[in-house]
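Subject: A structure for you to look at

Hi there,

Here is the structure I promised to pass on to you. Have a look at it first, and then read on for what turned up.

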Amino acid sequence: MQRVTWKNERMSAVTPRPVYEGRRRLLQAGLGAGLAALLPGAGKAAAPPGPLAGAERGPFGTDEKLTPRELVTGYNNFYEFGTDKADPAANAHTLRPRPWQVRIDGAVAQPLTLDVDDLVQPRRLQERVYRLRCVEGWSMVIPWIGLPLADLLRRVEPLGSAKFVEFTTLHDPDRMPGQRRDVLPWPYVEGLRLDEAMHPLAFLAVGLYGDVLPNQNGAPLRLVVPWKYGFKSVKSIVHIRFTEQQPATSWNIVAPREYGFYANVNPQVDHPRWSQARERRLGEGLFSPRRPTLPFNGYAEQVAGLYAGMDLRQDF
Ligand SMILES: Nc1nc2c(c(=O)[nH]1)N[C@H]1C(S)=C(S)[C@@H](COP(=O)(O)O)O[C@H]1N2
Ligand SMILES: [Mo]
């Protein structure tokens with residue numbers, strides 16, 4: 001596919017001003033019905049268990065209060081369905097996440113095409129409650145259901161030459177109408193270094209809150225990399241490719257000085273246009289104080305070693 005030529009000065013990156021202002025209006029208006037759960041105390045009870053309930057509790061969980069389901073599924077970034085936070089929930093019904101095949105190839109001994117339902121076997125799935133920190137300054141706590149990314153990647157037997165893994169979203173403007181607009185180079189692409197991809201924290205989600213993944217959260221299969229900013233967690237994946245070179249990734253192509261390849265959550269490295277020192281936990285209420293952002297989003301104990309000897313200001 002041809003890359004579009006980007007005019008960065010025109011681009012407003014992850015939060016275009018109209019989006020931000022639209023959101024402020026929404027908040028000031030006391031929120032639409034679906035987002036009412038932003039108010040403190042709302043949404044305390046988990047929703048009734050869905051078809052994927054009963055997955056075993058996986059490692060690395062947090063016991064922080066879950067973000068209400070209405071927010072997890074109603075306040076999204078998924079530019080394939082629009083740039084407003086409410087757009088994905090309103091528009092993603094056109095996605096059609098079944099049947100769905102995923103191709104895994106590149107520098108591997110056993111390339112594989114699999115049907116996503118081969119992965120959605122409730123008895124083999126885990127639930128993991130992870131924090132998700134968006135580069136825009138908000139965070140959520142989400143009960144994902146899925147499998148360790150390494151479990152899938154090992155099946156294709158990566159070659160010694162493989163150094164990175166590239167993940168690509170579906171490209172189909174009929175099903176993803178946002179792809180008719182040049183807000184990002186389509187399809188959305190993200191990537192990890194091989195050791196990051198094989199780390200036991202890296203997760204492939206097929207569900208949340210006990211249910212199969214809602215379209216707006218990246219059905220039927222999305223990455224979750226909890227120690228990195230949310231934009232690394234690419235949605236609706238159709239292709240996983242092992243590469244020798246660092247992949248070109250969407251936000252990094254658009255604005256390389258603002259969105260690095262590594263994108264590790266780091267309160268000491270500000271975004272050029274705002275501080276990353278604090279975050280607002282969605283669902284806590286508008287007037288609760290913002291929390292300090294933690295290095296690697298609180299997962300430093302698990303992942304800091306991956307970056308030993310690196311200058312994380314340089315490789316942000
Ligand atoms: N294909 C695709 N994946 C994407 C995005 C996107 O626009 N398109 N947005 C990213 C960003 S910026 C964030 S914060 C998370 C949001 O995930 P959520 O909506 O499930 O909370 O998805 C990421 N994955
Ligand atoms: Mo994000």
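How do the residues of the shell around ligand 1 divide into nonpolar, polar and charged? In this predicted model, the shell has six nonpolar, six polar and three charged residues. Of the 15 residues around the ligand, the ones that come nearest are Asn-76, Tyr-79, Glu-80, Arg-222 and Lys-235.

The side chain of Asn-76 has an N or O atom 2.8 Å from an oxygen atom of ligand 1. Asn-217 also has a side-chain N or O atom by an oxygen atom of the ligand, at 3.0 Å. With Ser-233 it is the backbone that takes part: one of its N or O atoms lies 2.9 Å from a nitrogen atom of ligand 1.

How much of the ligand's accessible area does the protein cover? On its own, ligand 1 has 540 Å² of accessible area, and the protein covers 99% of this. The space that ligand 1 takes up is the largest cavity.

Now for the aromatic rings, where the count comes to 11 pairs. One of them is formed by Tyr-79 and Trp-251: the ring centres are 5.8 Å apart and the planes meet at 70°, so this pair is edge-to-face, as an angle over 60 degrees counts as such. Tyr-79 sits in the loop between α2 (69–72) and α3 (87–91), while Trp-251 belongs to helix α6 (residues 250–254). The two are 172 residues apart, so the pair links distant parts of the chain. Tyr-79 is also among the residues that come nearest to ligand 1.

Enjoy exploring!

Best wishes

Terms used:
Residues numbered from 1 in each chain as written. Chains lettered and ligands numbered in written order. Predicted model: local features only at pLDDT ≥ 70, side-chain atom pairs only at ≥ 80, totals over all residues. Heavy atoms only, no water. Near = heavy atom within 4 Å. Polar contact = N/O pair within 3.5 Å; in protein donor to acceptor, adjacent residues only side chain to side chain. Areas by Shrake-Rupley, 256 points an atom, 1.4 Å probe, with all protein chains shown as cover. 1 Å grid on protein atoms, 1.4 Å probe; cavity = no way out; pocket = protein on both sides within 12 Å on 5 of 7 lines; lining within 4 Å. Sits in = over half its atoms within 2 Å of the grid points. Nonpolar A, V, L, I, M, F, W, Y, C, P; charged D, E, K, R; others polar. Phe/Tyr/Trp six-rings, centres within 6.5 Å; stacked < 30°, edge-to-face > 60°. Helix = DSSP H or I, 4+ residues; strand = E, 2+ residues; numbered from the N terminus.
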